[in-house]
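Work through the exercises below with the sequence and the 3D view at hand. Try each task before reading its solution.

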Amino acid sequence: MSVKIMGMVWDLDNDIIDREEKYVLLAYTDHADHEGNNMYPSIALICQKTGYKERAAQIITHSLEQKGFLVAAGKGPKGTNKWSYGGGAKN
């Protein structure tokens, strides 16, 4: 868990990321290393943490990727998608 990266997410302006996206992004960054890399929780785990249904978590994850908050970084050790925190570079 990276408190540094989670703090960066908390500080994001609500005009560029909506409440649902921020909540899911916090669930992802709860698994990040200190540089914001190596996040590979399953969608099931994101759903468990947030209370969202699978499809909603997938849609929000895709939106975060499109906005540059999540950057695809291959596969995790159990085949889940692996992410890095991108900071919203595509805004």
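This is a predicted model: local features need pLDDT of at least 70, side-chain atom pairs count only at pLDDT 80 or more; totals for chains, interfaces and linings use all residues.

**Exercise 1. Helix H2 and its cover**

Task: Find how many residues of H2 are buried, name them, and state what they pack against.

Solution. 
Step 1. Locate the helix: H2 covers residues 19–29.
Step 2. Apply the cut-off for burial, which is under 20% relative accessible area. By this cut-off 8 of the 11 residues of H2 are buried, and the helix is mostly covered.
Step 3. Name them: Glu21, Lys22, Val24, Leu25, Leu26, Ala27, Tyr28 and Thr29.
Step 4. List the partners. The buried residues of H2 pack against helix H1 (3–10), H3, H4, S1 and strand S2 (81–85).
Step 5. Look at the N-terminal end of H2. Aspartate 18 caps this end, with a side-chain oxygen 3.2 Å from the backbone nitrogen of glutamate 20.

**Exercise 2. Two helix pairs**

Task: Determine how the axis of H2 is oriented relative to H1 and relative to H4, and list the residues that meet in each pair.

Solution. 
Step 1. Recall how such pairs are described: by the angle between the two axes and the distance between them.
Step 2. Take H1 and H2. Their axes come within 9 Å and cross at roughly 170°.
Step 3. Classify the angle. Angles over 145 degrees count as roughly antiparallel, and H1 and H2 are therefore roughly antiparallel to each other.
Step 4. List the contact. Ile5, Met6, Val9 and Trp10 of H1 meet Lys22, Leu25, Leu26 and Thr29 of H2. These residues divide into 6 nonpolar, 1 polar and 1 charged.
Step 5. Take H2 and H4. Their axes come within 10 Å and cross at roughly 90°, which makes H2 roughly perpendicular to H4.
Step 6. List this contact too. On the H2 side are Glu20, Glu21, Val24, Leu25 and Tyr28, and on the H4 side are Ile60, Thr61, Ser63 and Leu64. The division here is 5 nonpolar, 2 polar and 2 charged.

**Exercise 3. Salt bridges**

Solution. 
Step 1. Count the pairs. There are 3 salt bridges.
Step 2. Examine glutamate 20 and arginine 19, whose side chains meet in a salt bridge at 3.7 Å, N to O. Arginine 19 is exposed at 68% relative accessible area, and glutamate 20 is partly exposed at 28%.
Step 3. Examine glutamate 21 and lysine 67, whose closest N and O atoms are 2.9 Å apart. Glutamate 21 lies in H2 and lysine 67 in the loop between H4 and strand S1 (70–75), so this pair ties together parts that are 46 residues apart in sequence. Glutamate 21 is buried at 4% relative accessibility, whereas lysine 67 is partly exposed at 27%.
Step 4. Examine aspartate 30 and lysine 49, which form a salt bridge at 2.4 Å, N to O. Aspartate 30 is in the loop between H2 and helix H3 (43–50) and lysine 49 is in H3, so the pair ties together parts 19 residues apart in sequence. Aspartate 30 is partly exposed at 22%, and lysine 49 is partly exposed at 32%.

**Exercise 4. Two threonines**

Task: For threonine 61 and threonine 80, state the location, the backbone oxygen that the side chain reaches, and the contacts beyond sequence neighbours.

Solution. 
Step 1. Check its accessibility. Threonine 61 has a relative accessible area of 5%, so this residue is buried.
Step 2. The side chain of threonine 61 reaches the backbone oxygen of alanine 57 at 2.7 Å.
Step 3. Leave aside neighbours within four places in sequence. Threonine 61 is then in contact with Val24, Tyr28, Ile43, Leu70 and Trp83.
Step 4. A polar atom of the threonine 80 side chain lies 2.8 Å from the backbone oxygen of tyrosine 40.
Step 5. Not counting residues up to four places away in sequence, threonine 80 touches Tyr40, Pro41, Ser42, Gly74 and Lys75.

Terms used: Residues are numbered from 1 along each chain as its sequence is written. Side-chain values use heavy atoms; hydrogens and water are left out. Helices (H or I, at least four residues) and strands (E, at least two) are DSSP runs, numbered from the N terminus. Buried means under 20% relative accessible area, exposed over 50%, partly exposed in between (1.4 Å probe, protein chains only). A polar contact is a pair of N or O atoms within 3.5 Å; within protein, one must be able to donate a hydrogen and the other to accept it, and residues adjacent in sequence count only if both atoms are side-chain atoms. Contact means heavy atoms within 4.5 Å. A salt bridge is a side-chain nitrogen of Lys or Arg within 4 Å of a carboxyl oxygen of Asp or Glu. Axes are lines fitted to C-alpha atoms, for helices over the stretch in contact, and angles run from 0 to 180 degrees between N-to-C directions. Angles under 35 degrees count as roughly parallel, over 145 as roughly antiparallel, 65 to 115 as roughly perpendicular and the rest as oblique. Ala, Val, Leu, Ile, Met, Phe, Trp, Tyr, Cys and Pro count as nonpolar, Asp, Glu, Lys and Arg as charged, and the others, Gly among them, as polar.
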